[in-house]
Amino acid sequence: RRAGATSSALRMQQDGPKTLIKQTFLTPALFKQIDADNSGSIDLEELKSAVKFSSSADVRALIQRGDLNGDGVIDYPEYERLMNMEVYGDAAGGNFYVRQALDLGLLKPTSPLADCVMVGNKGFDPLGLAKNLVELDTFREAEIKHGRLAMLAAVGWPAAERLNPYFTKAMGAPDLLVAGGKVPSLLNGGLENINPLFFAGVI
């Protein structure tokens, strides 16, 4: 029954492997139907058993079209890329934002962002900093770390102003908050009262 339902949903078009699947038929639910072993990816045999194509070559063509990393299967991000390609065309892997960035000259065609399945890829790299996927992953990890530090700072700043009086009183330490109970900063002043060794330790 599953194979029959999937077969009726995945119908071949006649104009070659580039448009094998009609755009309205590629859905997240269909991915789950084809992924019989629930592995999170679709392999050649699963695709063959789910739909009845005219030849095995057509199935392989579909796998090759969607298999961006060349591992022989289509995982969900690659499947999502296929869905976008059916709606927006094959250019830039169907990513509308990346295609716009390329058209506006904000992204180089050779950039790894030009065709990848990275979550949140909007094609923004006007300086061309990412030369390959390794560098892109490094920059992405650094950006996430900096974001986490900024989130901690956003909590730590008001927490320091609220809790500092209690800690200084309990520890018998001097109160380093500036006038108005503000945290020392370039705008608030008071940085001259902080031991330089503290900043050296932070760096």
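Helices (H or I, at least four residues) and strands (E, at least two) are taken as DSSP runs and numbered from the N terminus. In these terms the chain has 8 helices and 2 strands, which follow one another from the N terminus as α-α-β-α-α-β-α-α-α-α. The model is predicted, so that local features need pLDDT of at least 70 and side-chain atom pairs count only at pLDDT 80 or more, whereas totals for chains, interfaces and linings use all residues. Residues are numbered from 1 along each chain as its sequence is written, and side-chain values use heavy atoms, with hydrogens and water left out.

Of the 203 residues of the chain, 31% are buried, where buried means under 20% relative accessible area, exposed over 50% and partly exposed in between (1.4 Å probe, protein chains only).

Rings of Phe, Tyr and Trp (its six-membered ring) are paired if their centres lie within 6.5 Å, and planes under 30 degrees apart count as stacked, over 60 as edge-to-face and the rest as tilted; by this rule there are 4 aromatic pairs. The pair of Phe31 and Tyr76 is edge-to-face, because the ring centres lie 5.1 Å apart and the planes stand at 85°. This pair links distant parts of the chain, with Phe31 in helix H2 (residues 28–34) and Tyr76 in helix H5 (residues 76–88), 45 residues apart. Phe31 also forms a tilted aromatic pair with Tyr79, at 5.0 Å centre to centre and 55° between the planes. Phe31 is buried at a relative accessible area of 6%, as is Tyr79 at 3%, whereas Tyr76 is partly exposed at 28%. Phe31, Tyr76 and Tyr79 form one aromatic cluster.
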